[in-house]
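Please look over the sequence and the fold shown below before reading on. The report then takes up a few places in the chain, one after another.

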Amino acid sequence: MKPAAFYGLVTILAVALDQWIKLLVETMLVMHEKVDVLPFLALYRTYNTGIAFSMFSNVGDTGLIVLTGIVIAFVSYLAIRTTPAQIISRFGFALIVGGALGNLIDRTVYGHVIDYILFHTPVWSFAIFNLADVFISVGAALVVLDEFLAWRRSRHQAAPSDE
């Protein structure tokens, strides 16, 4: 399998898994009713009309769709510019694009993003998010990790040897 096909498949699988789980959430979870999974993890169906942490919710659907499209295009451009050796970055970019497309589908079809994962303690809770958000975050972390590893390799190679 060619590398581009592999990363395309990663993107497609991320979108498919995200959309399948959101379909299950929409059909099986009651809106705004917490379902505890672990003491610190619950399923909680809600809608996000903005982007991360409901930012830019005042921009409107069309603005957010355009903004998401621009981000997907930019991330795709960065992915295309990577070298074949940047396997971790390429995988990360595929996850980012897959997650962004998953949320873009929600916003285009429903006018909001379906969120359902809630990390919490008895006195604190994290923002409610979805698998697409996880793909975006993990993908971004992989890109940063790959850049850090490349930086470390270049520093190590540039260091004078003690011979």
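What relative accessibility does E26 have, and does E26 count as buried, partly exposed or exposed? In this predicted model, E26 has a relative accessibility of 23%, and therefore counts as partly exposed, since the buried class ends at under 20%.

The side chain of E26 meets that of R45 in a salt bridge, with N and O 2.9 Å apart. This pair links distant parts of the chain, for E26 lies in helix α1 and R45 in strand β2, 19 residues apart. R45, at 12% relative accessibility, counts as buried, whereas E26 is partly exposed.

## Helix α1 and its cover

Helix α1 has 26 residues and spans 37 Å from its first C-alpha to its last, which is close to the 38 Å expected at 1.5 Å a residue. Its buried residues are Y7, V10, T11, A14, V15, D18, Q19, K22 and V25, and the elements that cover them include β2, α3, β3 and α4.

## K22 and its partners

K22 belongs to helix α1 and is buried, with a relative accessible area of 2%. K22 forms a salt bridge with D18, the closest N and O atoms being 3.0 Å apart, and both of these residues are buried. Because K22 and D18 stand four residues apart in helix α1, about one helical turn separates them.

The side chain of K22 also makes a polar contact of 2.8 Å with that of D106. When neighbours within four places in sequence are left aside, the residues in contact with K22 include G102, N103, V113, I114 and Y116.

## A salt bridge between K34 and D36

Four salt bridges are counted in the model, and one of them joins D36 to K34, with the closest N and O atoms 3.6 Å apart. Salt bridges that share partners join D18, K22 and D106 into one network. As for the pair of D36 and K34, D36 is partly exposed at 49% relative accessibility, and K34 is partly exposed as well, with a relative accessible area of 44%.

H32 lies in the loop between α1 and β1, where its phi is near 60°, a positive value in a residue other than glycine. Most residues other than glycine have a negative phi. H32 is partly exposed, with a relative accessible area of 45%.

Terms used:
Residues are numbered from 1 along each chain as its sequence is written. This is a predicted model: local features need pLDDT of at least 70, side-chain atom pairs count only at pLDDT 80 or more; totals for chains, interfaces and linings use all residues. Side-chain values use heavy atoms; hydrogens and water are left out. Helices (H or I, at least four residues) and strands (E, at least two) are DSSP runs, numbered from the N terminus. Buried means under 20% relative accessible area, exposed over 50%, partly exposed in between (1.4 Å probe, protein chains only). A polar contact is a pair of N or O atoms within 3.5 Å; within protein, one must be able to donate a hydrogen and the other to accept it, and residues adjacent in sequence count only if both atoms are side-chain atoms. Contact means heavy atoms within 4.5 Å. The expected span of a helix is 1.5 Å times one less than its number of residues.
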